[in-house]
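This report describes selected features of one protein model. It treats backbone geometry, a helix pair and a sheet in turn.

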Amino acid sequence: MYDPVRRRAVGEKDDSLPKRHNDQGSSNKKGTSLYTGLLVPQKEWTLIYFGFHLCLLFIVNFSYHSLPKSKLASDAHQLDFIEENARFHLHELVSLGHRPAGSIANEIDAVNYILTTVESIKQNAQPNVNIETSLQHPTGSFSIDFLGGFASYYSNITNTIVKLSPVKHQAKDALLLNCHTDSVSGGPGASDDAVACSVLLEVMRAMSRSEEELQHSIIFLFNGAEENVLQASHGFITQHPWAKKVRAFINLEAAGAGGKEIVFQTGPSNPWLALAWAQNAPHPFGSVLAQEVFQSGIIPSDTDFRIFRDYGKIPGIDLAYMKNGYVYHTIYDNEDMIVPGCIQRAGENILAVVRHLVTSPSSMLSDPSSYRHGALAFMDILSLYMITLPMRMLYILNLLASGATFFILAKFVTENAESTNLSSKLSCAFHWGKLLLKALAVNLISWVASVIAVTCVAVLLTAIGRTMSFYSKPVFSVFLYVPPALAAMLGVHEFAKNKLFQNVGNCWTLERLFFHSTLLLWSACLFYLNRSGILSSIILLVCLLSLLTLRCFVFKRFFSNPDTKGSSKIILHLLSSSLPSLIMLSHSFLIMELFIPLCGRLGNVVPPDLVIGFLVAITLCLTFSFSSNLFYVTSSMKMFIYMLLLSSVLSIIAAISPYGFPYSYSATEPTPKRLFLQHTAREFHNMNGEVTRTDSGVWTNCLDYPCFSYDIGSKSIQNTPTKPCSGLFCESPWAVPCHKLVIKSRYVISPPPSDDITNQYPLTFQLTSNTVNILSVNSTTRTYMRRYNFLITGPDHMSLQFAPLSTHRTHAKLTSWSIDDDISLGRTTPSAQSPGGSAYYYTDWYFIYFGSGLDPSPWKPWLELTITEDSSLPHPSGRRDLPSLEIALSGQYYSKDRNIPVPGQTPELKEIMSDLHDWVTPMAWVSLYKSYLF
């Protein structure tokens, strides 16, 4: 039999155990029927159980932070990737300063450096490699379903493109490698994305020195406007003639600084590309879980991967640095944050995969359509090996694993009845089936209890205004949320052990019951994920197969042997669950590394303690689920529960104390608070073009939940109330539409910015034509189209916000515009009332982001509204002159002369910035805002 102790049929006396066990079990003073003689002593159990998990934690931590040794030019072969060379490029690019699109540093200096470097590479290249360069300055437009949806228009932006191709034959196909030279205006952009461009320059050098014949071309795209919401990649893939040859791409990005680059997006379809990465990259690291989280929209970010996928219709791989996300898009994103080894690691991976794709006869780059088998599921094991499965194969394996598990469960339920009587067998099977479901319910309740426990702690800290105490000390999230979650889990199992399963048998009988309930839980989850088409089911599949193979087959005879010691069984089960536990701990590291720094820019809406507490509870439940059955083979867990509760209380006290302050300043390990300051002036015009209202001030925003609940140092900001949201996009000069994430703005009244900052590129808005075309007329309804043509001039970064206006008598809808894309992608739901009151209301909101290279040319957008009017209804309030369109223009002036950074362009900005605490990192610029009715 599978268990050393025979189960009894219903009503049968259990005499299968030695008498001494029965005596000890029957003399249990606490009323439990567990056979205490089989219980593992608590000290021994604690040493084995928690020692095992600490060892796993050490292994995962070591793997997560291990990096290869950097190579020097003097010690390495010329065909190797050499970090020393890449670091030189990184230093040169970062020394150019902040490089937003439109700045001299990005449009001229970065381009010149890349072209000079390419020329040097060309002079030392092998004669069998042809190197060409191309400068592109595209103009175009598109819509994107990001931040609720908006449109993007770009003009004269810069792409620097290099192509390596074979000399002996004409390559028909190409692999695209993409990075971006531009940065945000508030940071040097070392990780995002100068280091990626440095890596590509070194990959280019290594490939050019190889005597191996290229089978396909390599296109290096150094795009100059990624931070302009992916504009430059769109300009290349839709307009450049080389783009037609691209069959696949690798995109290099960053959401942090240093560490391991993670594969977090692949596809669509074309699993061959991810397989090429898994089989050729020497240090594979990635998970399809990261892909599904990123593509769900939870993370407020996007990459050029979307553009190449959606507009180029080509497959690709998205890579990103994600360690130390605190410095992302801040002044601290400098080259010192990129630790030695991480560039070497990324370079070796990319170079190996590129070599395979463009030189190997087995590469599928020339005919990718021959291996289109849907999406690919992937995950790495401690960066040593990457498991990959095409979706259709994953679907089959999931079904087989679920079926095998249900077969084992059926065997477990039926094997307890040894009676030849069919009725007794069925009755016994039904009895054990109920016990199995009962154990499953206990497991689920323990999970729910864990989530409730951490939710209580998170709600308490949020209610008293001490949220994000873990932000500057990520390990504190473990002490803050693991104890209540684990105490709740243990409490449920302790109650079940003493109150709900008194007549099951000995402790190892109960252990087997809960082990099989875990199998039932995971097989049911696997079946559901499989039906839902969720690729992350590969994680559960690997865990389940590993557990089944070792526990139910390899170690089966040890568990079936009554002479096997209890401590030995514990060790064997822990070994059976070692791979699942390693996988869950690895993903826990990944999730925490991503989400804790992300709390500094998640917006003002979602309490971060709830997010982190929930993630801690879920990862804890998943990790311990594979060994929770061992809770039943030792004595009372009450002492552990009391210690965990005490630890939880102490952690809450620490969170409330000054220790729990979320921010810190450090030149090497900063955890800053992000602050955005716009010194702006606003004008509001009526339908006659007359100015009806003006004001000016410093518009202040933050991206985290606490926002201004902590004193940031500036009294003028702290003493200003929160700005209520009313009107079109809250009547604010948004650079991008973050109005649904950022709801705690403050508007510090001050004099307007001086004209000398805006005079070079003054913000002007002109309606050049307003035409009406009647579409249909009947006795009660008139439908007509109204077309508006505008002429706009201003700086290199602007935004256009507009909304059709409707009344109870008329309905206005945008039906066409000057953007070359679907209108629905640029539409967003209004989140504020129109200032028109009951007279008119917003139909929809639209936002167009404008970006330009050097010397922006006039912008000529147009809109067409279709208006349906019910003439049988009276005019609202008797008025016949109600507007049909509200439109607002804002211009962002990041510098006066395009030399960035500036410490604060106006005295008002400088004064506020001088008062800020050192743990606040501000981004400050000048903006103008003009609103019109038509």
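Predicted model: local features only at pLDDT ≥ 70, side-chain atom pairs only at ≥ 80, totals over all residues.

Most residues other than glycine have a negative phi.

Asn324 is a further non-glycine residue with positive phi, here near 60 degrees. Asn324 is placed in the loop that runs between strand E9 (316–321) and helix H10 (342–359). With a relative accessible area of 17%, Asn324 is buried, because the cut-off for that class is under 20%.

## Cis peptide bonds

Most peptide bonds are trans. The bond from Gly267 to Pro268, however, is cis, with omega near 5 degrees. Pro268 is located in the loop between strand E8 (261–267) and helix H7 (271–280).

A cis peptide bond also leads from Asp192 to Asp193, with omega near 20 degrees. Asp193 lies within helix H5, which spans residues 190–208.

## Packing of helices H18 and H19

Two packed helices are described by the angle between their axes and the distance between the axes. For helix H18 (residues 578–598) and helix H19 (residues 608–625), the angle is about 170 degrees and the axes are 9 Å apart. Angles over 145 degrees count as roughly antiparallel, so this description applies to H18 and H19.

On the H18 side, the contact involves Ser581, Met584, Leu585, Ser588, Ile591, Met592, Phe595 and Ile596. These residues meet Val611, Ile612, Leu615, Val616, Thr619, Leu622 and Thr623 of H19. Sorted by class, the contact comprises 11 nonpolar and 4 polar residues, with no charged residues.

## An open antiparallel sheet

An open sheet is formed by 4 strands in the order E15-E16-E22-E18, with antiparallel pairing. Strands E15 (764–777) and E18 (810–817) stand at the edges; each has a single partner strand, so one side of each is left without a neighbour in the sheet. On average, neighbouring strands of this sheet are turned by 20 degrees against each other, direction ignored.

E15 and strand E16 (residues 781–793) run antiparallel and are joined by 12 bridges. Within this pair, Thr771 stands opposite Arg787 in E16.

Notes: Residues numbered from 1 in each chain as written. Heavy atoms only, no water. Pairing = 2+ DSSP bridges. Helix = DSSP H or I, 4+ residues; strand = E, 2+ residues; numbered from the N terminus. Axes fitted to C-alpha atoms, helices over the stretch in contact; angles between N-to-C directions. Parallel < 35°, antiparallel > 145°, perpendicular 65-115°, else oblique. Contact = heavy atoms within 4.5 Å. Nonpolar A, V, L, I, M, F, W, Y, C, P; charged D, E, K, R; others polar. Buried < 20%, exposed > 50% of the residue type's maximum accessible area, 1.4 Å probe, protein only.
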